[in-house]
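Good morning, and thank you for joining this group meeting.

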Amino acid sequence: MSKVIIPVYYDFASSLCYVAKKVMEQLDGQLDIELVWKGVQIARRHDGWKNGEMIGDEARGKIFRVARETGVELRVPERWLDSAAALEGAEFARERGRFAAYHQSLFSAIYEAGRDIGERTILLELVEDLGLPSGEFEHALRAGTFTQRVKDTEAEATTFGVVGYPTFMLGEFPLIGIQPAETMRMMIQRYIDKSRERVSH
């Protein structure tokens, strides 16, 4: 039986998306699913999110509360990071079959090593470390090769009523945010069972 596809709307600039990635890694092999990570730049979609602004105490408190609940450790950046180039770069990596490695590398760089992926030199260094052609990567960013693709994903997120990050699309139901691994496992398994039930009828 084929795996159930679950789109996940994410932004590298969102600490909770990193938490979600780590939680879903805990469930690796336990659910018959394929996660399709779809990048959106929150700063373009929500007025209250400004690149370069300090992350306030309330937002930090929420991040650390969720981190405690899920058992995920992370370093929270001081400021909201500009993820525009990183998200376009993810599509570059996807076209070359290296999305998973790129995704892992950038999240680790931000939330484990405390690096600013909004800095073009840091982004290019990470790309080179992955063995991707940094010249082609930089050219794609300068030319805006993948800008529209990310904007189309953002428009799609709007259509589905995505208002928080991460959002797991369980069919037409947007599951916003991240819960501890066992809670996620139960909710997603329930969705898998229902979707397969519908197919078999």
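Predicted model: local features only at pLDDT ≥ 70, side-chain atom pairs only at ≥ 80, totals over all residues.

Which residues does S105 touch, not counting residues up to four places away in sequence? With that exclusion, S105 touches L126 and L130. S105 has its place in helix 5. Its relative accessibility is 17%, and buried means under 20%, so S105 counts as buried.

Let me now turn to the neighbouring topic, helix 4. Helix 4 covers residues 84–95, which makes 12 residues. From its first C-alpha to its last, helix 4 reaches 17 Å, close to the 16 Å expected at 1.5 Å a residue. Is this helix enclosed or open? Nine of its 12 residues are buried, so helix 4 is largely enclosed by the rest of the structure. The buried residues are A85, A86, L87, E88, G89, A90, E91, F92 and A93. Their cover includes two strands, strand 1 (4–10) and strand 2 (33–39). Helix 5 (99–111), helix 6 (120–129), helix 7 (134–143) and helix 8 (147–159) also belong to that cover. After helix 4 comes G97, with a positive phi near 70°.

Two packed helices are described by the angle between their axes and the distance between the axes.

We begin with helix 5. The axes of helix 4 and helix 5 come within 8 Å and cross at roughly 150°. An angle over 145 degrees counts as roughly antiparallel, and therefore that is how helix 4 and helix 5 are described. On the helix 4 side, the contact involves A85, A86, G89, A90, A93 and R94, and these meet F99, Y102 and L106 in helix 5. By class, this contact has seven nonpolar residues, one polar and one charged.

We continue with helix 8. Here the axes come within 9 Å of each other and cross at roughly 105°. That makes helix 4 roughly perpendicular to helix 8. The residues that meet are L87, E88, E91 and E95 from helix 4, and T147, R149 and V150 from helix 8. This contact divides into two nonpolar, one polar and four charged residues.

How do the pairs run, parallel or antiparallel? Strand 1 and strand 2 run parallel and are joined by seven bridges. Strand 1 and strand 3 run antiparallel, with two bridges. Strand 3 and strand 4 are also paired in the antiparallel sense, over four bridges. Y9 stands opposite K38 in strand 2, and Y9 also stands opposite T167 in strand 3.

Strand 3 and strand 4 form a hairpin with two residues between them. In the turn, G171 has a positive phi of about 70°. The bridge partner of L170 is F173 in strand 4.

Finally, consider the side chains of strand 3. In a regular strand the side chains alternate between the two faces of the sheet. T167 and M169 point one way from strand 3, while F168 and L170 point the other way, and all are buried.

Thank you for your attention.

Conventions:
Residues numbered from 1 in each chain as written. Heavy atoms only, no water. Expected span 1.5 Å × (residues − 1). Buried < 20%, exposed > 50% of the residue type's maximum accessible area, 1.4 Å probe, protein only. Contact = heavy atoms within 4.5 Å. Axes fitted to C-alpha atoms, helices over the stretch in contact; angles between N-to-C directions. Parallel < 35°, antiparallel > 145°, perpendicular 65-115°, else oblique. Nonpolar A, V, L, I, M, F, W, Y, C, P; charged D, E, K, R; others polar. Pairing = 2+ DSSP bridges.
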